[in-house]
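Dear colleague,

Please find below the structure that I am handing over to you. My notes on its contents follow, and I would be grateful if you would read them alongside the coordinates.

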Amino acid sequence: MEIFEDSPLTIVTHTPAGSVVALRGSGEKTIMRVKVLVDGNSMTSIDESMGVIPFNAIPTGSIKRIEIIPGGGITLYGSGTASGVINIVTKMGEAKDYGSLNISAGSFDTYKAEVSKGIRINPHLFTNISVEAKKGKGYRELEEEERVNVMGGLNIDINPRHRMRFSGSYFHENSEGTNEAFLSEIKKNRKHPGDTLANTKSKRYTAGIDYEYIPTENLTFTAGVNESKLTRDIKADAHPRLVFLPGGKFLSFFTPNGYALDPVAENFSSELKGSIEEEIKNVKWKTEYRYKNNQGKLTLGMDYSDHRIRRELDIQSEPFSHENHMKFLITKKGRRDFSLEELKEGERIYGSSEFSTFNFLMNNMKEAKTGDLLGKFLYPLSSKESQEKYDKGGGISSFRTDENFKLNLWKAGVVFQDYKVHDLMNFVEKDGKKGVWVNKQGQIVAPESYWATKFVEIPEDLKVKDFYSYLSPEAPADFKMANFVNSKVDVKKTTNSFYLHNSYPVTERFNINAGLRYEKAKYKGHRESEVILHITGNPELESTSNYLMGYLNLSTGEDNLLRYFEKVGQKLEELKKDGKTQIVMSKLRKEVKKEEDNLGGEIGFDYKINDTDVVYAKYERAFNTPLPNQLTNKSIHPVHKVKMYWESGLQTEKMNNFEIGIRGTIGNNITYGVSGFLSNTQDEIITIVKDGNSHATREWRFINLDKTQRIGLELQSEQMFDKLKLRESITYVEPKVVLNRYEEKVKKIVEERVREEKIAYRNGTEKHLDIYFDIQNPQSLSKENIDILKENYKQLVYDTMDEKITIPEAQQKIKDVIIPKLQGLDEKKKNAVQAELGAFVYSAARNYQEYTTSLEEVYSEFNGAGSNIQKGDRIPLAPKVKATFGADYQITNSLKLGMNTTYISSYITAEPDRIYSIVKTKVPSHWVADFYGTYELNDNFSLKFGVNNVFNHKYYLRQDSKTALPAAGRTYSAGFSYRF
């Protein structure tokens with residue numbers, strides 16, 4: 001990649017999937033806007049989320065030259081060339097004997113060897129081969145790689161009119177690496193690894209046949225068939241500091257005002273295994289006709305491409321239990337740019353002990369002992385108004401309306417968890433023992449209550465944090481779960497293209513260039529994913545049954561032919577028989593089938609001012625169809641905190657490109673080039689990626705920007721003065737969003753998503769009712785009475801949830817209409833059933849209203865400042881300025897020294913936040929200076945040495961709001977080259 005880093009036209013952009021070479025502000029869109037060719041055959045991926053361009057699969061000794069063509073190339077090269085084309089021309093077409101051996105060593109125990117040889121066997125046969133091997137460690141801890149490249153070819157000159165070429169290559173790489181690290185950790189140690197260690201084994205092969213026929217001096221036919229296949233086997237062990245768990249929607253009661261509360265697991269590991277395979281098949285045919293003394297050229301051609309991606313990834317988490325692993329993260333609402341070491345006042349991770357103590361204090365604050373001690377704790381933390389109420393005798397209730405009441409109660413949970421229960425509660429006595437009465441679920445009830453089933457003595461030394469677990473000894477500490485996620489992708493994009501290009505010489509100095517290309521693209525394939533919860537536990541415990549009910553309630557992937565209670569029974573039987581069971585939490589499959597017809601073209605001219613200077617101008621109408629993987633997004637559900645796929649709804653990009661420029665020489669020593677360009681894009685596709693280097697935790701989102709613009713200027717020059725050679729360049733690009741109605745689009749999506757979520761919640765309530773009637777049936781009602789309740793009570797619950805009637809009206813209707821219909825119940829039993837039904841409708845309606853309010857609020861967070869890409873914003877990963885300066889000086893006939901300096905201005909990155917909103921981060925500018933030298937011992941043998949990043953400048957290859965990938969500091973290399 002060093003060649004492109006030093007080039008005045010290109011910028012090496014470090015995306016989450018890997019390094020790409022950007023042109024003219026293509027930024028993170030480079031894979032879609034810059035086409036990379038090897039001897040005219042595409043090696044650009046169509047998998048933007050996980051695809052890579054394998055530059056390192058080409059031995060450097062096999063490269064003859066690299067053609068960098070900035071600006072569009074729609075006619076000759078097709079879709080995906082709006083910002084330019086890079087064509088790597090190898091020595092496969094060479095027809096002379098040559099040989100070279102290069103060996104070098106560098107920083108981080110890096111060693112590299114390369115040998116290339118070309119042999120003229122006879123006048124009709126020529127063969128060549130290049131072999132390259134590299135082994136070394138990376139800049140950061142735990143990074144290491146080793147690779148081998150082989151490329152070879154055979155040229156057959158059948159006769160002066162017919163020529164054939166066979167070519168092929170093989171590449172193998174084994175690499176160890178980690179993802180981005182937290183900025184707080186990098187500040188302490190720039191070499192600190194990320195939380196995921198990945199091993200990737202890559203293999204790539206190519207094979208091709210090219211044929212050339214020249215029937216006359218003016219006419220040439222060429223045809224070729226090429227195939228390449230890149231396979232990556234991945235194994236990653238992720239140990240993230242925090243993992244967000246499902247269940248956040250159930251915690252609104254415990255959430256402090258102005259804060260977010262999320263259930264999390266700390267230091268929770270998972271393992272990923274999988275493979276990614278990308279196969280490209282190309283067939284091309286081209287006819288060139290030269291006329292007007294070879295000054296004009298008419299080109300007619302056809303391209304066919306079959307591009308297929310297969311991907312299968314499995315993620316297996318370690319077993320976890322709610323009691324032993326679940327914790328609770330409280331942070332300021334909407335805040336995300338924090339590390340655990342930098343949590344502010346009130347923000348922290350609370351454990352299950354603090355959670356249990358919070359519950360205890362909330363439920364017992366009216367107890368005189370609890371109220372007195374808790375009041376003294378809350379007083380200094382509360383508002384002046386609450387303090388005045390307390391001073392006037394308002395008691396502990398004075399603090400309940402305080403804005404920070406719940407946050408202060410969490411703080412109290414930290415302090416009170418080790419208090420003895422006897423110091424905070426008064427107990428009832430039975431047979432000389434002090435304790436409480438509980439129901440069969442272990443909940444405290446009044447001694448005279450209908451539900452009181454057992455008296456529990458409370459030991460003198462029992463602590464508050466252990467109180468509830470003591471009351472419910474059946475808490476399933478052995479109930480453990482492990483997530484297993486399987487995802488598969490198999491998509492194919494085939495394109496058929498026909499193009500016509502003419503370069504017509506109007507005069508000896510003035511040429512007109514025009515072209516037209518028709519392209520038909522077909523997409524076909526599917527994406528599927530399955531999330532399975534593997535469960536172990538004691539099937540005899542009622543709490544195990546309750547957990548199974550809860551997860552089955554969340555499941556969308558289980559067999560719906562079974563009734564709900566039958567599913568629970570089935571899982572319990574599997575636990576008894578096999579000691580384990582599983583729940584399919586979700587099972588999704590999305591088919592991809594689409595066709596696109598597009599027409600693009602160009603027109604321009606070039607005018608020779610004199611023998612050395614040329615002025616030119618061009619207009620191009622180009623297009624970019626969406627890549628197959630861009631049809632689906634993957635992100636965190638804003639409430640449930642689980643990964644989900646959803647449609648991206650992308651439109652095809654349309655571009656209008658304009659360019660004008662001049663190039664030439666001044667005297668015999670100076671060359672120059674100046675060009676200005678303007679590119680307007682409608683519906684530009686932007687990729688937003690989070691945790692890009694981790695296959696296990698990666699999220700992505702694709703969106704259309706209504707209109708973007710890139711306007712820029714490129715200047716470059718080179719001067720030759722005897723032994724001194726200077727080169728300078730500056731590229732300025734203003735890549736910005738001109739129009740973006742993203743909010744309007746999202747509002748429509750939000751309305752639909754909220755409606756779907758409400759329906760899902762309603763379905764969950766129906767499952768709860770089925771559990772209550774068919775499984776729990778706490779009052780042991782007869783089948784006849786259960787049927788009466790199903791017929792009359794269910795609809796009442798739904799009407800109350802939808803606010804068609806109020807909660808008091810619903811409770812009154814239960815008393816006046818539903819209870820009288822029940823048969824064979826005494827008055828005490830009727831009162832008990834009425835109380836339970838009233839409590840359920842109250843809970844269902846209140847929870848539903850709180851949930852929908854929370855849902856609408858979370859889904860609408862994109863309206864906040866800076867939460868999406870807006871008009872006037874810069875396009876992500878597109879610096880405005882790149883400037884280079886280089887110099888070579890021939891000190892003696894044998895010794896040459898040189899240097900390159902590169903400046904890259906600041907740019908922004910974008911990553912997903914909650915569902916539709918986006919977090920933008922400004923990455924600072926940086927500059928790097930490299931020094932190198934060559935000493936020629938003789939015509940065949942030379943020594944080479946170099947120092948990169950001479951001044952040890954610290955910058956990031958990639959950065960987002962919380963993490964970054966640091967660039968290497970100063971590095972050294974030395975080696976030799978032998979030519980034979």
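**Findings**

Asparagine 122 is found in strand β8 (residues 110-122); helices (H or I, at least four residues) and strands (E, at least two) are DSSP runs, numbered from the N terminus. The model is a predicted one, in which local features need pLDDT of at least 70, side-chain atom pairs count only at pLDDT 80 or more, and totals for chains, interfaces and linings use all residues. Residues are numbered from 1 along each chain as its sequence is written, and side-chain values use heavy atoms, with hydrogens and water left out.

With a relative accessible area of 28%, asparagine 122 is partly exposed (buried means under 20% relative accessible area, exposed over 50%, and partly exposed in between, with a 1.4 Å probe and protein chains only). A polar atom of the asparagine 122 side chain lies 2.7 Å from the backbone nitrogen of histidine 124. For the backbone nitrogen of leucine 125, the distance to a polar atom of that side chain is 2.8 Å. Asparagine 122 is also 9.9 Å from isoleucine 156, C-alpha to C-alpha, across 34 residues of sequence.

Histidine 307 has its place in strand β18 (residues 296-317) and is buried, with a relative accessible area of 5%. Its side chain is joined to that of glutamate 278 by a polar contact of 2.8 Å (a pair of N or O atoms within 3.5 Å; within protein, one must be able to donate a hydrogen and the other to accept it, and residues adjacent in sequence count only if both atoms are side-chain atoms).

The side chains of arginine 310 and glutamate 277 meet in a salt bridge of 2.5 Å, N to O (a side-chain nitrogen of Lys or Arg within 4 Å of a carboxyl oxygen of Asp or Glu). This pair links distant parts of the chain, since arginine 310 is in strand β18 and glutamate 277 in strand β17, 33 residues apart. Arginine 310 is partly exposed at 28% relative accessible area, whereas glutamate 277, at 18%, counts as buried.

The whole structure contains 35 salt bridges. One of them joins the side chains of glutamate 67 and arginine 65 at 3.0 Å, N to O. Glutamate 67 is partly exposed at 26% relative accessibility, and arginine 65 is partly exposed at 39%. In another, the closest N and O atoms of glutamate 143 and arginine 140 are 3.2 Å apart, and both of these residues are buried. Lys112, Glu132, Lys134, Glu145 and Arg147 are linked in a network of salt bridges.

Tyr504, Val506, Ile512, Ile603, Phe605, Tyr607 and Ile609 make a nonpolar patch of about 570 Å². Patches are made of residues with over 30% relative accessible area and no salt bridge, with like charges joined within 9 Å and nonpolar side chains (Val, Leu, Ile, Met, Phe, Trp, Tyr) within 5 Å; accessible areas come from the Shrake-Rupley method with a 1.4 Å probe, and for residues only the protein chains shown count as cover. Strand β27 (residues 581-608) gives the largest share of the nonpolar patch, 3 residues. Isoleucine 603 is found in strand β27 and counts as partly exposed at 48% relative accessibility.

A positive patch is formed by Lys281, Lys492, Lys524 and Lys593. Lys and Arg count as positive and Asp and Glu as negative, while His and the chain ends are not counted; the place of a charge is taken as NZ of Lys, CZ of Arg, CG of Asp or CD of Glu. Lysine 281 is found in strand β17 (residues 270-291) and is partly exposed, at 38% relative accessibility.

Yours sincerely
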